[in-house]
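Student: Could you take me through one part of this protein closely, namely how its helices pack against each other? I would like to see the setting before the details.

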Amino acid sequence: MVGNEYLNFVLIGLFIIFVWTQIFFFFAITVNFIFGIKSQSQRTTQLQREFFKAVCIQVSLPFVVFMTAAGYILSTIYTNNYDMAFSNFSVIMISSHGLFSTIIMLFIHKPYRTETLKILGIKRFYKNNKVTVIQMSSSVTHNGFSSQ
């Protein structure tokens, strides 16, 4: 397989077709499920849709970065047209896609951002979620004076 570029091209093409078919299939099923449910409460449906949109953004942006770099590297293999600056930049993009995913998670998901800031000890960016409970005495009458 190493010496046969045609076989590699066919196998990579089949793999790409197989993967994209799965992506579109499961994406269509998920969209149909999330946007087709009418029996839940409006708030639940809205939260599911917001979360789904956030997950789509979280997955698609690093994927685009990764695939752009991988596409360039694959094109250099078949065209034998190497540019060291673009190759190095592509390798940096591929190796830092996890960093891109984390940065996007920090921007999109508020609970993830809040907990990360708490762990880092940065307190000015998140609100205190403590609830104060005040117990009223039962000895107070309707006019505000004590019955004792």
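Tutor: Among contacts between residues at least 6 apart in sequence, 43% join residues at least 24 apart, in what is a predicted model. The protein has 5 helices and 0 strands, so that reading along the sequence gives the pattern α-α-α-α-α.

Turn now to helix α1, residues 5-36, and helix α2, residues 42-79, which pack at an angle of about 170° with their axes 13 Å apart. Because an angle over 145 degrees counts as roughly antiparallel, α1 is described as roughly antiparallel to α2. On the α1 side, the residues making the contact include Phe9, Ile12, Trp20, Phe27 and Phe35, while those on the α2 side include Phe52, Cys56, Phe63 and Tyr78. Sorted by class, this contact has 12 nonpolar, 3 polar and 2 charged residues.

Another pair is helix α4, residues 97-108, with helix α5, residues 110-120, where the angle is about 105° and the axes lie 6 Å apart. Since angles of 65 to 115 degrees count as roughly perpendicular, α4 is roughly perpendicular to α5. Here Thr102, Met105, Leu106, Phe107 and Ile108 of α4 meet Lys110, Tyr112, Arg113 and Thr116 of α5, and by class the contact of α4 with α5 has 5 nonpolar, 2 polar and 2 charged residues.

Methods:
Residues are numbered from 1 along each chain as its sequence is written. This is a predicted model: local features need pLDDT of at least 70, side-chain atom pairs count only at pLDDT 80 or more; totals for chains, interfaces and linings use all residues. Side-chain values use heavy atoms; hydrogens and water are left out. Axes are lines fitted to C-alpha atoms, for helices over the stretch in contact, and angles run from 0 to 180 degrees between N-to-C directions. Helices (H or I, at least four residues) and strands (E, at least two) are DSSP runs, numbered from the N terminus. Angles under 35 degrees count as roughly parallel, over 145 as roughly antiparallel, 65 to 115 as roughly perpendicular and the rest as oblique. Contact means heavy atoms within 4.5 Å. Ala, Val, Leu, Ile, Met, Phe, Trp, Tyr, Cys and Pro count as nonpolar, Asp, Glu, Lys and Arg as charged, and the others, Gly among them, as polar.
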